[in-house]
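Trainee: I would like to learn how to read a protein model, one feature at a time. Could we go through this one together?

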Amino acid sequence: MNRRTRDLRIRGKLATGALPWQPFPRVWAGTGDGHACDGCDETVERVDLAMEGTDSVGRPLRLHVECFRAWEDIRDRGMAALASGGPAPRWTAEALSPAGSAGQH
Ligand SMILES: [Zn+2]
């Protein structure tokens, strides 16, 4: 899978809530065991390095290392765009508005 395809899948998951905007409270590294990656949906093979963690509601998630980094990077860029007061990328606004977290404080 190329980077662009992976980034699009991860953005889509952020937009639908399949991946959280918050970093994992706990994260650890491991190897794959044949489960699907929560980032790109491809199998995390036994030879692949994976990052595992649970999100803020305790949901377990497992991603390829590359997908984990891409997820962090996309989150950071989306948050930075919002923090700067500039127009957020459309996918960011869509992802944040249903949760009601924007403008509630
Ligand atoms: Zn992946």
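Trainee: Is Asp 7 buried, exposed or partly exposed?

Mentor: Let's start with the general idea. A residue is buried if 20 or more other C-beta atoms lie within 10 Å of its own, exposed if 12 or fewer, and partly exposed in between, with C-beta atoms placed from the backbone. Asp 7 has 17 other C-beta atoms within 10 Å, so Asp 7 is partly exposed.

Trainee: Before we go on, what kind of model is this, and how are residues numbered?

Mentor: This is a predicted model: local features need pLDDT of at least 70, side-chain atom pairs count only at pLDDT 80 or more, and totals for chains, interfaces and linings use all residues. Residues are numbered from 1 along each chain as its sequence is written.

Trainee: How many helices and strands does the protein chain have?

Mentor: Helices (H or I, at least four residues) and strands (E, at least two) are DSSP runs, numbered from the N terminus. Here the protein chain has three helices and three strands, and their order along the sequence is α-β-β-β-α-α. Of the 105 residues in the protein chain, 25% are buried.

Trainee: Where is Asp 7, and which residues does Asp 7 contact outside its sequence neighbourhood?

Mentor: Two residues are in contact if their C-beta atoms, placed from the backbone, lie within 7 Å. Asp 7 belongs to helix H1. Setting aside neighbours within four places in sequence, Asp 7 contacts Ala 70 and Ile 74. Asp 7 and Cys 40 are 33 residues apart in sequence, yet 8.4 Å separates their C-alpha atoms.

Trainee: At what angle do H1 and H2 pack?

Mentor: Axes are lines fitted to C-alpha atoms, for helices over the stretch in contact, and angles run from 0 to 180 degrees between N-to-C directions. H1 and H2 pack at about 60°, and their axes are 10 Å apart. To name such an angle, under 35 degrees counts as roughly parallel, over 145 as roughly antiparallel, 65 to 115 as roughly perpendicular and the rest as oblique. H1 and H2 are therefore oblique to each other.

Trainee: Which residues meet where H1 and H2 come together?

Mentor: From H1 come Arg 6, Asp 7, Ile 10, Arg 11 and Leu 14, which meet Cys 67, Ala 70, Trp 71 and Ile 74 of H2. By class, this contact of H1 with H2 has six nonpolar, no polar and three charged residues. For those classes, Ala, Val, Leu, Ile, Met, Phe, Trp, Tyr, Cys and Pro count as nonpolar, Asp, Glu, Lys and Arg as charged, and the others, Gly among them, as polar.

Trainee: How many residues are in the largest nonpolar core?

Mentor: A nonpolar core is a set of buried Ala, Val, Leu, Ile, Met, Phe, Trp, Tyr and Cys residues joined through C-beta atoms within 7 Å. The largest one has 14 residues, and Ile 10, Leu 63, Cys 67 and Trp 71 have the most contacts inside it. Two or more residues each come from helix H1 (3-16), strand S2 (49-54) and helix H2 (65-83). H2 gives the most, with five residues. Beyond four places in sequence, the residues that Leu 63 touches include Cys 37, Ala 50, Phe 68 and Trp 71.

Trainee: Is Asp 76 buried or exposed?

Mentor: Asp 76 lies in helix H2, and Asp 76 counts as exposed because it has 11 C-beta neighbours inside 10 Å. Arg 69 is also placed in helix H2; with 13 C-beta neighbours inside 10 Å, Arg 69 counts as partly exposed.

Trainee: What is phi of Asp 41 near?

Mentor: Phi of Asp 41 is near 75°, a positive value in a residue other than glycine. Asp 41 sits in the loop between strand S1 (26-31) and S2.
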